[in-house]
Amino acid sequence: MVKLNDNRVLITGASAGIGAACARAFAEQGAKLLLIARRGDRLRELSDQLTRDHKTECLCVEFDLRQHLSIPSMLEQVPDEWRAIDVLVNNAGLARGVAKLHEGDLDDWDEMIDVNVKALLAVSRTVIPWMLKRQAGHVINIGSIAGHEAYPGGNVYCATKFAVRALSRGMKMDLTGTPIRVTSIDPGLVETEFSKVRFKGDTERAKLPYKGIIPLTGEDIAEAVVWSAMRPAHVNITEMVIFPTAQSSSTLVHREEKA
Ligand code: 8X3
């Protein structure tokens, strides 16, 4: 088993949801965290809490990953010791809207493609060479069931997650013959701010995907991420699809009516 204490873990989109849960789970294992997110106040709150609870060493970088062309220079500015990244969790991602493709909003599409695909590429393009230099590292991409099957209104979001899946496979192939591991963790319905973002703050509508089911939590996914990272060095968990028990595909969900 790989021990994570004193490992350096970079997590994108770390201020909430799956990203924040991963930060907590890695902190519990004694890792040092490089946390990147747009909401600096939330990041600092999280890092204060982790420092208090686990004595975690955290470096917080407030950065909007939509600025994907500036990602290499942002990362090159972190202190040298933070280039020794053992685990990169490419978590940042979002969905905007459920409009039919022919009624979709081009700005929404840009935002999803910029963050879900281009930012993941730019972060990986910068960090993987650091890993190769040290001949150590693990890239864990947070994909989605939306990268396995499209669903009505999912069009561009699903396309970005199909892209993430292709990139995970491509990275694994390009890193063949090196010790660098690549994992894709692909969840179904996880209750986070995801739905609120997708429905642009309409909280009532945002609750509907989770109605009548016990959805996954960020912690459920973080456990799988940390478990993958802790496998022995010769074991590469390549792809893991995680559903709530009530879900069997993007569109097949059993909902219990509440009285
Ligand atoms: C999130 C899961 O089913 O809303 O990636 O697309 S789903």
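Is Cys58 buried, exposed or partly exposed? At 21% relative accessibility, Cys58 is partly exposed, where buried means under 20% relative accessible area, exposed over 50% and partly exposed in between, with a 1.4 Å probe and protein chains only. The views below come from a predicted model, in which local features need pLDDT of at least 70, side-chain atom pairs count only at pLDDT 80 or more, and totals for chains, interfaces and linings use all residues. Residues are numbered from 1 along each chain as its sequence is written, and side-chain values use heavy atoms, with hydrogens and water left out.

**View 1. The sheet is open and has seven strands.** The strand order is β3-β2-β1-β4-β5-β6-β7, with parallel pairing. Strands (E, at least two residues) and helices (H or I, at least four) are DSSP runs numbered from the N terminus, and two strands pair if DSSP finds at least two bridges between them. The edges are β3 (58–62) and β7 (239–242); each has a single partner strand, so one side of each lacks a neighbour in the sheet. From one strand to the next the twist averages 15 degrees.

**View 2. Strands β1 and β2 run parallel.** Five bridges join β1 (residues 8–12) to β2 (residues 32–37). Within this pair, Ile11 stands opposite Leu35 of β2. Helix α1 (residues 17–28) packs on the sheet and touches β1, β2, β4 (87–90), β5 (138–142) and β6 (181–187); contact means heavy atoms within 4.5 Å. The direction of α1 makes about 170 degrees with that of β1. Axes are lines fitted to C-alpha atoms, for helices over the stretch in contact, and angles run from 0 to 180 degrees between N-to-C directions. Helix α2 (residues 40–54) lies across β2 and β3, at about 175 degrees to β3.

View 3. The covered face of β7 holds Met240 and Ile242, while Glu239 and Val241 are on the uncovered one.

**View 4. Cys58 and Cys60 are in no disulfide.** A disulfide is counted when two cysteine sulfur atoms lie within 2.5 Å, and the count comes to zero. The cysteine sulfur nearest to that of Cys58 belongs to Cys60, 5.7 Å away. Cys60 is partly exposed, with a relative accessible area of 25%.

**View 5. The charged end of Arg8 sits over the ring of Trp82.** It is 4.6 Å from the ring centre. A charge sits over a ring if NZ of Lys or CZ of Arg is within 6 Å of the ring centre and within 35 degrees of the ring normal.

**View 6. Ser168 is a buried residue of helix α5.** The helix spans residues 155–174, and the relative accessibility of Ser168 is 5%. Leaving aside neighbours within four places in sequence, Ser168 is in contact with Asn141, Val182 and Ser184.

**View 7. Ala150 lies in the loop between β5 and α5.** Ala150 is exposed, with a relative accessible area of 55%. Its contacts, apart from neighbours within four places in sequence, are Cys158 and Phe162. The C-alpha atoms of Ala150 and Asp41 are separated by 35 Å, and the two residues are 109 residues apart along the chain.
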